[in-house]
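Trainee: Could we go through this one together, a strand or a helix at a time? I'd like to start with the strands.

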Amino acid sequence: MDYREAIHYLIDEVPMFQNVGKSAYKEGLENTYTLDRHFCHPHCNYKTIHVAGTNGKGSCSHTLAAILQSAGYRVGLYTSPHLVDFRERIKVDGRMIDECYVADFISRDIDLFRSLNPSFFELTTALAFKYFSDMQVDVAVIEVGMGGRLDCTNIITPDISIITNISLDHVQYLGNTLEKIAAEKAGIIKHGIPAVIGETVAETRPVFERRAAEMNAPIVFAEDNPMLIAADRSADGYDYECRVFGRLHGELGGDYQIKNTNTILTSVIRLRQDGYDIPDEAVCRGFAHVVEATGFSGRWQVLSHSPLVVCDAGHNVGGIGWVSRQLASVPHGRLYIVIGMVSDKDISGVLDLLPRDAAYIFTKASVHRALDEHELMRIAAFAGLHGETAPDVPAAYRAAMSKAGPHDMVFVGGSCFIVADLLSYLNNGSRK
C-alpha cells in the first residue's frame, strides 16, 4: 500500500466527520483503548499538553508548540482539521508526518482496522500517538477533536489541561446549553493535573470549578490575572506588553488572539512551575515565528494587500462574532464576503452577526456536509444579507476579485472547509 492508497482508505473508507458529519461520530472510547493496547500505549512515552475549547484551541496549540520548540524541546503537535494536506494534523518540530510512515501504519494493520471499523479520528489519533513515540518527542501538544470527555485524545494523562473558552457549537453532540458543553470539555481535567481555563461566563465557571474540585486538580482562570498590559494591532500581527515577559510580537492576526495570548502566557507560567525550562526568549521567538515554526494557517490570514484579502476559519457564533467586529475595525472601501457553511451549524446565528452593507458571494465547500449555496442565500436574505451565488470556492473567489478594487477588501470564511478549498486553489497556482 502506498501513501495515495492509505489516504484513500482513511478519507473514503473510514467514516470521517469532516466529510459526513454525524454518521462518523462514535460515542465512547472502546476502539481507542483497543488501538492503544495494540500499539503498547505509545502516549505514555512522552509528556503531553491537552488543549480543548470551542474556539482558539488551534491557535493556542500551535503557539505553545512554537514556544516549546524555541525552548529546545522536540515537540509533537496533533491538531484538526487539516486544510490542504492530511499530514498537517501530525507534526514533529513543525514538519509533517512522512508519507511513507502513514502508508506503512495503515498497511501493516489493515486487517485489524477493518475488523474494528474505527472512525477516521480514532485511527488518526492512534497514528499520531504512535508516530510521536517512534520519533522520540519530548512533549506533544494534543488538541481535542470535539468536546473532551469522550474525545479519543482523552486517554492521555497530560502535564496540564487547557480549556480556551466555551460557546455553542456541535450542540447535537455536546449539549444545547453552555453548561452542558462546558461539562463535556471539562472532562479533560484529570485527578491532580493542573488546569488552565482561558475564558468563562456565568454559566461555565461553576462547571469548571466543580470538576476541578472533584478531581483535586489545581485550577487557574487566566482572565482573573491578565498577563497583558496592552495589545496594539500592527501591520503583521500584534505587539503585546506583558506583565512577566515584557514586550512580545505576536505573528498571528485576528482580534481574538488577544484572549488566546492571555491563555497561552498563563499556561507557560504553569508549565514553568511544573519544571519546564521555557526562557523568556523562547516565548518571544515562539509568538513571533509561530507560522514558520508550525506551518499554522487559516486564522485571519492575509493573502493580499491590494485589495486586502483575508481568510479565517471561524465557523460558529463565537468565532464569527470576533471576525465581524474586526471587519468593522479594518479600514477598507467596499467589502466583499465569500461565505459558505456546513449544514449542521447555527446558520442563522452566524449570519445575524455579519455586516449588512457587504456584497456577498454565497458558495459551498467540497464536503458532503456543505450547505447548498442557494439555500444559504435564501436564509441569509432573512438576515438582510444579499448577493449572488457561485458553485464552488474558486469560482466565488474569482468573482469577488473581479469586482474588488485596490482599496477594497475581500473576506473568505464561514467554515474551515471554505478556507481549505481556497488555500488548496491558491496553492495549486491558480491566483488568476
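Trainee: Is β13 buried on which side, or what covers its faces?

Mentor: In this predicted model, both faces of strand β13, residues 308–311, are covered: Leu308 and Val310 are buried on one side, and Val309 and Cys311 are buried on the other. In a regular strand the side chains alternate between the two faces of the sheet.

Trainee: Which strands pair with β13, and in what sense?

Mentor: Strand β12, residues 301–305, pairs with β13 in the antiparallel sense over four bridges, while strand β17, residues 409–413, pairs with β13 in the parallel sense, over four bridges as well.

Trainee: And how is β12 joined to β13?

Mentor: The link from β12 to β13 is a hairpin of two residues, and within that pairing Ser304 has Val309 as its bridge partner in β13.

Trainee: How many bridges join β9 to β10?

Mentor: Six bridges join β9 to β10, residues 237–242, and the two run antiparallel; Asp232 stands opposite Asp239 in β10.

Trainee: OK, helices now. At what angle do α1 and α7 pack?

Mentor: Helix α1, residues 3–13, and helix α7, residues 120–134, pack at an angle of about 145° with their axes 9 Å apart, and α1 passes α7 in a left-handed crossing.

Trainee: Which residues meet there?

Mentor: From α1, Tyr9, Leu10 and Ile11 meet Phe120, Leu123 and Thr124 of α7; by class, this contact has five nonpolar residues, one polar residue and no charged residues.

Trainee: And the largest nonpolar core, which residues have the most contacts inside it?

Mentor: Those are Ile106 and Phe132, in a core of 37 residues. Among the elements that each supply at least two residues of this core are α1, α5 (99–108), α7 and β5 (139–143), and the largest share, nine residues, comes from α7.

Trainee: What is Phe132 in contact with?

Mentor: Leaving aside neighbours within four places in sequence, the contacts of Phe132 include Tyr46, Leu77, Tyr78, Ile90, Val92, Val137 and Ile142, and also Lys91.

Conventions:
Residues are numbered from 1 along each chain as its sequence is written. This is a predicted model: local features need pLDDT of at least 70, side-chain atom pairs count only at pLDDT 80 or more; totals for chains, interfaces and linings use all residues. Side-chain values use heavy atoms; hydrogens and water are left out. Two strands pair if DSSP finds at least two bridges between them. Axes are lines fitted to C-alpha atoms, for helices over the stretch in contact, and angles run from 0 to 180 degrees between N-to-C directions. A crossing is left-handed if the near helix is turned anticlockwise from the far one by less than a right angle, and right-handed if clockwise. Contact means heavy atoms within 4.5 Å. Ala, Val, Leu, Ile, Met, Phe, Trp, Tyr, Cys and Pro count as nonpolar, Asp, Glu, Lys and Arg as charged, and the others, Gly among them, as polar. Buried means under 20% relative accessible area, exposed over 50%, partly exposed in between (1.4 Å probe, protein chains only). A nonpolar core is a set of buried Ala, Val, Leu, Ile, Met, Phe, Trp, Tyr and Cys residues joined through side-chain atoms within 4.5 Å.
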